[in-house]
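Reader: I have a structure open and would like to talk it through with you. Could we take it one question at a time?

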Amino acid sequence: MRTYKSSAVRFDALMYGIKLAYLAGKKYRKARTDLMKKVDAIAGVANIPEIMVQSELINKILHTDYLDNAGIVEFENIRESLRSLMKYIPKRVLRYDTNFEDDVLSVEWKESELENDDLKNYKAKAEFYIRQHQDNIAIAKLKHNKPLSQTDIESLEQILWSDLGTKDDYEAEYGSKPLGEFVREIVGLDMNAAKEAFSEYLYNTDLDSSQIYFVNQIVEYIVHNGLMKDLSVLQEAPFTDRGSVVKIFTDMNVWMGIRKVIDSINENAMVA
């Protein structure tokens with residue numbers, strides 16, 4: 001199952017890279033060649049019912065100017081329609097005949113050799129993938145402030161350290177940043193999840209308007225940024241619009257309770 005899923009994710013990465021290159025006005029000839037190789041490989045096993053359903057699209061890609069005129073909508077249609085078919089591509093050996101007598105060069109076709117030069121920007125691929133897959137179980141949990149299971153963590157490792165690139169690629173861009181923190185920074189925190197986490201303070205009639213305003217600013221910040229690791233931002237606007245933390249929270253027990261909520265939200269992203 002993991003092999004099948006990985007082949008689909010690699011195809012996602014290829015198509016997302018093509019879309020990024022298209023939006024940036026860059027050439028993607030190598031990526032197009034890679035795409036054509038994959039589609040041609042699928043066409044070679046067209047007796048499979050699931051492939052036959054997509055025969056019209058496959059033929060358009062291989063035998064018409066469909067790709068020449070394709071845009072974001074068409075690229076996304078290709079991704080959605082063909083990603084699940086990648087698992088059917090057989091492992092092949094390409095053979096090249098030379099002019100030398102009885103001399104045949106055998107080369108194994110590896111997925112890594114199909115990478116597009118324009119797609120080597122791991123950062124762009126990884127961040128684009130995360131944004132486009134917020135329905136992924138692990139990513140959705142991070143967005144909604146739910147703790148991750150070991151299976152969820154392994155899923156992120158598979159995607160970010162295997163399917164889209166390597167662990168070295170990740171660390172070259174993000175150092176030792178936990179995967180959960182990286183994902184949360186990309187997708188942010190769901191507003192309802194943030195309000196639920198701070199509900200004790202947002203709807204507490206014992207708090208005055210300045211205190212509730214302060215908490216709301218924290219919520220807005222975390223929704224946008226995913227977490228709040230650097231508390232020094234609380235010494236800047238808009239948090240200080242109605243006074244400093246010490247001035248607003250004369251009862252520091254209230255502030256310490258708010259601080260625990262912030263820490264809890266951060267901890268749910270500090271995985272891997």
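Predicted model: local features only at pLDDT ≥ 70, side-chain atom pairs only at ≥ 80, totals over all residues.

Reader: Is Asp168 buried or exposed?
Author: Being exposed takes over 50% relative accessible area. Asp168 has 58%, so Asp168 is exposed.

Reader: How many helices and strands does the protein chain have?
Author: The protein chain has 272 residues, of which 44% count as buried. Its secondary structure comes to 15 helices and 2 strands.

Reader: Which residue forms a salt bridge with Lys19?
Author: The closest N and O atoms of this pair are 2.6 Å apart, and the cut-off for a salt bridge is 4 Å. The partner of Lys19 is Glu76.

Reader: How many residues apart in sequence are the parts that Lys19 and Glu76 tie together?
Author: Lys19 counts as buried at 5% relative accessibility, and Glu76 counts as buried at 17%. Lys19 sits in helix α1 (residues 2-23) and Glu76 in helix α5 (residues 72-82), so the pair ties together parts whose separation in sequence is 57 residues.

Reader: Where in the chain are Asp68 and Arg32?
Author: These two residues form a salt bridge, with their closest N and O atoms 2.5 Å apart. The pair links distant parts of the chain, 36 residues apart: Asp68 in the loop between α4 (55-63) and α5, and Arg32 in helix α2 (residues 29-43).

Reader: Which helix holds both Glu127 and Lys123?
Author: Their side chains meet in a salt bridge of 3.2 Å, N to O. Glu127 is buried, with a relative accessible area of 13%, whereas Lys123 is partly exposed at 34%. The two are 4 residues apart, about one turn of the helix, and both lie in helix α6.

Reader: What is the phi of Asn145?
Author: Most residues other than glycine have a negative phi. Asn145 lies in the loop between α7 (137-143) and α8 (150-163) and counts as buried at 14% relative accessibility. Although Asn145 is not a glycine, its phi is positive, about 60°.

Reader: Is the peptide bond from Ala237 to Pro238 cis or trans?
Author: Pro238 lies in the loop between α13 and α14 (245-248), and Gln217 of helix α13 touches both Pro238 and Phe239. Most peptide bonds are trans. From Ala237 to Pro238, however, omega is near 5°, and the bond is cis.

Conventions: Residues numbered from 1 in each chain as written. Heavy atoms only, no water. Buried < 20%, exposed > 50% of the residue type's maximum accessible area, 1.4 Å probe, protein only. Contact = heavy atoms within 4.5 Å. Lists of a residue's contacts leave out its neighbours within four places in sequence.
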